[in-house]
Amino acid sequence: MVFDNNAGLGISRDVLLTKLAETLSPKRFAHVQQVADAAKQLAVHWGYAAVEKAELAGLLHDYAKEASDDVFISLIHKYKLDPDLLNWHNNVWHGVVGIYKIQEDFGITDPELLRAIEIHTVGSSQMGLLDKILYVADYIEAGRRFEGVEAARVLAYEDLDAAVAYETVHTVTFLAHQQVRIYPQTILTYNAYVDKLR
């Protein structure tokens, strides 16, 4: 299968998987494949017509996850991104900044695809269907093992907005218990979606 050129990626799935296997650790490589599977299933369930794009988002979402801090800092400077990003770290960078590495390495131009990857960990107060699919797929993929993941998996097929809210509430709670700073956009996501759980 060749991924649709409309997504800006005119290579076969096998070639992409080979590239990812060479770039990512075995654990991360398994994760992106499981997220791609979950994203495809959610796309079909929620009537997102571009199922192939959802799969591609899943495969690429953590492409930059294992890049060095120097790579991200260089990209922040190169593309004149918000200087505040320098105060954060990989958990934020691999999506928000990582999309620039994805564009450089793959020539991807599809704004919907890039947007979903950009916010897949931090969320947004305004999320499109693909954004929600990737955000939730990353949380519920088959390899995840944590308290509450089964409830999240059920919710993902009952109410996608509620699944976004559930994930965000649990992420914010976890980070608060760790007594670490929470990226402002994640707080905005929480405020926008928390009522969906009621």
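This is a predicted model: local features need pLDDT of at least 70, side-chain atom pairs count only at pLDDT 80 or more; totals for chains, interfaces and linings use all residues.
User: How many helices does the chain have, and how many strands?

Analyst: Walk along from the N terminus and the elements read α-α-α-α-α-α-α-α-α-α-α. So the tally, with DSSP runs as the rule, is eleven helices and zero strands.

User: What is the radius of gyration of the chain?

Analyst: The C-alpha trace spans about 45 × 40 × 30 Å along its principal axes. For 198 residues the globule rule (2.2 Å times the number of residues to the power 0.38, with the radius taken over C-alpha atoms) gives 16 Å. The chain comes out close to that, so it is as compact as a globular protein of that length, with a radius of gyration of 16 Å.

User: What share of the 198 residues in the chain is buried?

Analyst: "Buried" means under 20% relative accessible area, exposed is over 50%, and partly exposed is in between (1.4 Å probe, protein chains only). With that cut-off, the buried share of the 198 residues is 48%.

User: Which feature does UniProt place at residues 24-152?

Analyst: Over residues 24-152 the chain is 62% helix and 0% strand, with the end C-alpha atoms 27 Å apart. UniProt annotations may be inferred rather than shown by experiment, and this one comes from an unreviewed entry. The feature recorded there is "domain: HD/PDEase".

User: How far does α10 reach from its first C-alpha to its last?

Analyst: Helix α10 covers residues 160-177, which is 18 residues. The expected span of a helix is 1.5 Å times one less than its number of residues, and for α10 that gives 26 Å. The model is close to that expectation, at 26 Å.

User: Which residue caps the N-terminal end of α10?

Analyst: Look for a side-chain oxygen that lies 3.2 Å from the backbone nitrogen of D161. The capping residue is D159.

User: Which helices do the buried residues of α10 pack against?

Analyst: The buried residues of α10 include L160, A163, Y166 and V172. Packing here rests on contact, meaning heavy atoms within 4.5 Å. The partners are α8 (129-140), α9 (149-156) and α11 (184-193).

User: Which residues is L175 in contact with, leaving aside its neighbours within four places in sequence?

Analyst: L175 lies in α10 and counts as partly exposed, because its relative accessibility is 23%. Setting those neighbours aside, its contacts are V180 and I182.

User: What is the phi of Q179, a residue other than glycine?

Analyst: Most residues other than glycine have a negative phi. Q179 sits in the loop between α10 and α11 and counts as exposed, at 74% relative accessibility. Its phi is positive, near 55 degrees.

User: Is T189 buried or exposed?

Analyst: T189 belongs to helix α11, and its side chain reaches the backbone oxygen of Q185 at 2.8 Å. Not counting residues up to four places away in sequence, T189 touches several others, among them V122, Y135 and T168. Its relative accessible area is 0%, so T189 is buried.

User: How far are the C-alpha atoms of I102 and L114 separated?

Analyst: I102 lies in α6 (residues 98-106) and is buried, with a relative accessible area of 0%. L114 is one of the residues I102 touches. The two are twelve residues apart along the chain, and their C-alpha atoms are separated by 8.6 Å.

User: Which helices do the buried residues of α2 pack against?

Analyst: Helix α2 (residues 26-45) has 20 residues, and its buried ones include F29, V32 and L42. These buried residues pack against α1 (13-23), α3 (51-60), α8 and α9.

Technical notes. Residues are numbered from 1 along each chain as its sequence is written. Side-chain values use heavy atoms; hydrogens and water are left out. Helices (H or I, at least four residues) and strands (E, at least two) are DSSP runs, numbered from the N terminus. A polar contact is a pair of N or O atoms within 3.5 Å; within protein, one must be able to donate a hydrogen and the other to accept it, and residues adjacent in sequence count only if both atoms are side-chain atoms.
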